[in-house]
Amino acid sequence: MELCLGTVQFGMDYGISGQKQPTVEQAVEMLDYAVQNGINTIDTANAYGTAEDVVGAFLHKKTMPREKLWIISKFRPNLLDDVKEAEYYAVMKENLTNTLGRLGTGYLDTYLLHSARYVYNDAIINTLNRLKKEGYARKVGVSVYEVDEAKRCIEHDNVDFMQLPYSVFDQRMKNGGLFDLAKKYNGTTQIHSRSAFIQGLILMEENQVPDFLAKARPIVRKISELCRRFGISRIALAMNYVKQEDSISHLVFGVDNLEQLKEDIEVFQQDLDKAIIQEISLEFCDIEADIVMPSLWKR
């Protein structure tokens, strides 16, 4: 498994506590550091504020040759809701070419739909693949949220990439048989996981959890107690839990500053005892969706 640096924090205020986005110079410095320390995959999106512009500023520096990087971006959410099928291609191509312009590159390595429900619309998927055949992207796929959406991706002949949420707090994909299905299909759909830290919730102390997530306080207290008992950090636990799943090729993570980036890269190299990971994870195997899915948080 490898790391993929997510860039949502570089384009907007983000996170459970609304952390402020870094300056362009700070973000580019982090991207520079990441690629110089073994991370060649970068995830961004049209919907992440100015993140594509920031990645574009980084690519312009040519710290690393473009062909050695894997750049992922996403189609703007909901943009096709009121569009007729005959206009899908024009709208999707315009959105993609605008993304390429902001990034300053001639192609994407992966282009994803950011509205997971579009995976059930074959006309949209076929249009996505038309753009792929025309050379605008090397792989195409969907960013999903639910188990059924993820299974649809694996079973669909024209979806070769998927990003999904997965963490020690959010075990829905594993419990729903998604990874078993992926193995059955011999890994034909590449899988990246996101939300290992759930916007920082896993790393919080109980008294730091905001009131709108008060029901999460007992599980935050529990994970803190377990990590102290076993002498491990919550960052290491969060990353190692995801690392146990060999169907996932990349762990997508985001950072607010350079020191955090350095720590995450270092911690990712550490391997914890699998028996400890398994024992701890059993405590969190059935957490309610409105705790682990930020889209359901009532801020």
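At what angle do helix α2 and helix α3 pack, and how far apart are their axes? This is a predicted model, and in it α2 (residues 24–36) and α3 (residues 51–61) pack at about 55°, with 9 Å between their axes. That angle makes α2 oblique to α3. As for handedness, the crossing of these two helices is right-handed.

So much for the geometry; now for the residues that touch. On the α2 side you'll find Val-24, Ala-27, Val-28, Leu-31, Asp-32 and Val-35, and they meet Val-54, Val-55, Ala-57, Phe-58 and Lys-61 of α3. Sorted by class, the contact has nine nonpolar residues, two charged ones and no polar ones.

Next, a look at backbone angles elsewhere in the chain. Asn-186 isn't a glycine, yet its phi is positive, at about 55°. Gln-199 is another non-glycine residue with a positive phi of about 55°. Here is where each one sits:

| Residue | Phi | Loop |
|---|---|---|
| Asn-186 | about 55° | between α8 (178–184) and β7 (190–194) |
| Gln-199 | about 55° | between β7 and α9 (217–230) |

Are these two residues buried or exposed? Asn-186 has a relative accessibility of 68%, so it counts as exposed, the cut-off being over 50%. Gln-199 has a relative accessible area of 18%, and because buried means under 20%, Gln-199 is buried.

Conventions:
Residues numbered from 1 in each chain as written. Predicted model: local features only at pLDDT ≥ 70, side-chain atom pairs only at ≥ 80, totals over all residues. Heavy atoms only, no water. Axes fitted to C-alpha atoms, helices over the stretch in contact; angles between N-to-C directions. Helix = DSSP H or I, 4+ residues; strand = E, 2+ residues; numbered from the N terminus. Parallel < 35°, antiparallel > 145°, perpendicular 65-115°, else oblique. Left-handed = near helix turned anticlockwise from the far one by under 90°. Contact = heavy atoms within 4.5 Å. Nonpolar A, V, L, I, M, F, W, Y, C, P; charged D, E, K, R; others polar. Buried < 20%, exposed > 50% of the residue type's maximum accessible area, 1.4 Å probe, protein only.
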